[in-house]
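Subject: Structure handover

Hello,

Here is the structure I said I would pass on. Please open it beside this email and follow along; my notes come after it.

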Amino acid sequence: MPETETRKVTIDPITRLEGHGKIEIFLNEQGNVDRAFLQVPELRGFEKFVQGRPAEEMPQITSRICGVCPSAHHMASTKTLDSLYRVTPPPAAKKIRELFYSCFVVEDHALHVYFLGGPDFIVGPKAPAAERNVLGVIAKVGVEVGKTVIGMRRKIREVMTALGGKVVHPVLGLPGGVAKRVSKEEQEKIKQVAQEAVGFGKFTLEVFQKLVLENSEYVDLIRSDAYTHRTYYMGMVDQANKVNFYDGLLRVVAPDGKEWNKFPPEKYLDFIAEHVEPWSYMKFAYLKPIGWRGFTEGPESSVYCVAPLARLNAADGMATPLAQQAYEQYVATLGGKPVHHTLANHWARVIELLYAAERLAELADDPEITSPEIRTLPTQAPREGIGVVEAPRGTLIHHYQTDEKGLITKANMIVATQNNAARMAMSVERAAKGLITNGNVSEGLLNMVEMAFRAYDPCHGCATHSLPGSMPLLVRVHDASGEVMSTLRRDWDGKVVNGD
């Protein structure tokens, strides 16, 4: 629930996201927003406690970072092991991995469209809080639509279980391949589900068209200045510069849409660095050649964006026909590329859902996925490996170093939400300043501030990392009446401060 103090509004916790967070909004004497902060107070620390673990365990360990996007970490980690052991999986293994991953993207995007982000548009951004959820969505679109959504996610998850052993913590990926081949009987079942998924993608696009795009108020909201930033954008592309979730080069376009750079994933350290602020456990990624210029936008800024909006901006189109048609309508309706409207992430996500379903159908129909050649055994000693995939939330980078025994000595993970962190913080502040004026603070307006981060589908559990030194800590001692008697604070540098 929002908590209001003199000239301060706190939204704690923020809702409909993966992980935890809060928003602090500071008002000036006129009741307008002076500053707003998106704060992430939780801490995971996976990069530290994986040290000393065998590298082969990483696809299982890292999938525990998040219960919503375990498949993304599992796949990025598996690709990192390929790099670490310098081994190339057979073609069938790559296709099985991408088949599994396409299932995951369909399932995960459906989760956000209908359960997390969707209520803001389907039910309404200012609807009562008790209605802004999946039950409110079902009440608006009908029980049969709800059954369709739940049924499709169930079928997709059944395919993922057949391929990966488990849905939440898959056991599919191995260095050099996969753990299980696909039988011809399984292929036929996957084909059927894939065709249903394509139909579901078309259906979801129609729902979005009817409930959002045909509502002029919603379209105006999407295109409003309160939800617009002109930044750089990054996404993975194939050889034709089309969107690809599993493999390719990382392409960055400037705020004017022109290609700024395109590089292989193993060169990411030449282009990406991380900045730290004292008010969040989340690091803020930026474009290293430009340098950190603060939370600003434009060509002189180093802030960039990932996720569906960014992928469609970074690419020249979609690699499947139905998604390409939807992409062309998206670009035309929003005034050409690049699209700078944060809330357009929701539309881009629906287009990607359709693309993932079409790609799933292509792979399911490929006879090579039933090949018994599913692994190339590693023969070289591990040293250093880098693996990248496009998670539903954006570019996900894993980077491991090991000793001669294959034990992890250093791990770095830059997740989508870190890549988005600076732009997301800017989006929250922009929305707060554009929506809250003259002290007018309503629950509906505060939800619209939350919509600024929710469009990115953030996963704060994945994104939080500790700085070297001590974990910041704040302790308040209250008396029986609830009054604060004293405080004790430990800062990042370990300095302990006592206060009244």
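This is a predicted model: local features need pLDDT of at least 70, side-chain atom pairs count only at pLDDT 80 or more; totals for chains, interfaces and linings use all residues.

β13 and strand β14 (residues 394–402) run antiparallel and are joined by eight bridges. In general, the strands of a sheet pair through backbone hydrogen bonds, and the pairing can be parallel or antiparallel.

Now the whole sheet. It is open and has three strands in the order β13-β14-β15, paired antiparallel. Which strands are at the edges? They are β13 (384–391) and β15 (408–414), each of which pairs on one side only. On average, neighbouring strands of this sheet are turned by 10° against each other, direction ignored.

A helix also belongs in this picture. Helix α3 (residues 70–84) lies across β13 and β14, and runs at about 150° to β13.

The other finding is on the surface. Val475, Val477, Met485 and Leu488 form a nonpolar patch there, with about 310 Å² of accessible area together. The elements that contribute two or more residues to the patch are β16 (473–478) and β17 (484–490).

Is leucine 488 buried, partly exposed or exposed? Its relative accessible area is 36%, so leucine 488 counts as partly exposed, a class that runs between the cut-offs of 20% and 50%.

Regards

Terms used. Residues are numbered from 1 along each chain as its sequence is written. Side-chain values use heavy atoms; hydrogens and water are left out. Patches are made of residues with over 30% relative accessible area and no salt bridge: like charges are joined within 9 Å, nonpolar side chains (Val, Leu, Ile, Met, Phe, Trp, Tyr) within 5 Å. Accessible areas come from the Shrake-Rupley method with a 1.4 Å probe; for residues, only the protein chains shown count as cover. A salt bridge is a side-chain nitrogen of Lys or Arg within 4 Å of a carboxyl oxygen of Asp or Glu. Helices (H or I, at least four residues) and strands (E, at least two) are DSSP runs, numbered from the N terminus. Buried means under 20% relative accessible area, exposed over 50%, partly exposed in between (1.4 Å probe, protein chains only). Two strands pair if DSSP finds at least two bridges between them. Axes are lines fitted to C-alpha atoms, for helices over the stretch in contact, and angles run from 0 to 180 degrees between N-to-C directions. Contact means heavy atoms within 4.5 Å.
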